Amino acid sequence: MTVEPVVEASEDGRSFTITKSAWSGTYPIDALPRQLKFYRQLRDRKNGAYALHYQPTVEALEKFRRRKAYTTERRAKPAFKTRNRAQIAHQMPEPWQTVPKRLDLCATQ
C-alpha cells in the first residue's frame, strides 16, 4: 500500500509542507524549484531504480507548482517605494549649508 504524498501551502503562503505517511517536511516557498529538482534527481538515480518510490512526490510537487497556491511573486510588494541611505542622502543639506528659516515667523511687528 503506497500513500500518495500531499503538498500544501501554509496559511501565510510563505512555506509549503510535503507529507507522506509518517514523514513530513516544511520548506520556504522559494525552495520549491530546489525541492522539485532534488526529488527528480532521486527519482532518476541508478537509471530509475527509485522511480516507483519518488515519482508520486515529483508529481505532487509539480501539481502544487501549477496550482495558484504557488507563484514566483509571493512576496507582497510595499505600498510605498523604499529607499536606502544613499538615495536619501542627496536630499539632506550638507553640514556647512544653512537651513533656510522662515523669516515671517521671526519677524516682530
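These are my notebook entries on what I looked up in a predicted model of one protein chain.

**Ground rules.** I worked from a predicted model, in which local features need pLDDT of at least 70 and side-chain atom pairs count only at pLDDT 80 or more, while totals for chains, interfaces and linings use all residues. I number residues from 1 along each chain as its sequence is written, and side-chain values use heavy atoms, with hydrogens and water left out.

**Overall fold.** I looked up the secondary structure and found 4 helices and 3 strands, taken as DSSP runs numbered from the N terminus (helices are H or I, at least four residues; strands are E, at least two). Read along the sequence, the pattern is β-β-β-α-α-α-α. I then looked at burial, where buried means under 20% relative accessible area, exposed over 50%, and partly exposed in between (1.4 Å probe, protein chains only); of the 109 residues, 24% count as buried. The chain exposes about 9400 Å², with carbon and sulfur atoms supplying 53% of that area, as computed by the Shrake-Rupley method with a 1.4 Å probe, and for residues only the protein chains shown count as cover. For contacts (heavy atoms within 4.5 Å), I noted that 35% of those between residues at least 6 apart in sequence join residues at least 24 apart.

**Salt bridges.** Side chains of opposite charge can pair when their charged atoms come close. With a salt bridge taken as a side-chain nitrogen of Lys or Arg within 4 Å of a carboxyl oxygen of Asp or Glu, I count 2 salt bridges. In one of them Glu62 pairs with Arg40, the closest N and O atoms being 2.7 Å apart. Glu62 lies in helix H2 and Arg40 in helix H1 (residues 32-48), so this pair ties together parts that are 22 residues apart in sequence. Glu62 is buried at 18% relative accessible area, whereas Arg40 is partly exposed at 27%. I also found a salt bridge between Asp44 and Arg43, at 2.8 Å from N to O; here Asp44 is partly exposed at 46% relative accessibility and Arg43 is buried at 17%.

I checked for positive phi in residues other than glycine and noted Lys46, with phi near 50°, and Asn47, with phi of about 55°. Lys46 is placed in helix H1, and Asn47 lies in helix H1. Lys46 counts as exposed at 62% relative accessibility, and Asn47 counts as exposed at 83%.

**Positive patch.** Lys63, Arg65, Arg66 and Arg67 form a positive surface patch. For a patch of this kind, residues need over 30% relative accessible area and no salt bridge, and like charges are joined within 9 Å; Lys and Arg count as positive, with the charge placed at NZ of Lys or CZ of Arg.

**Glu8 in strand S1.** My last entry concerns Glu8, which is placed in strand S1 (residues 6-9) and is partly exposed at 48% relative accessibility. Leaving aside neighbours within four places in sequence, I find Glu8 in contact with Ser15, Phe16, Thr17 and Phe64. I also noted that the C-alpha atoms of Glu8 and Thr26, 18 residues apart along the chain, are separated by 9.4 Å.

Conventions. Patch = residues over 30% accessible without salt bridge, like charges linked within 9 Å, V, L, I, M, F, W, Y side chains within 5 Å.
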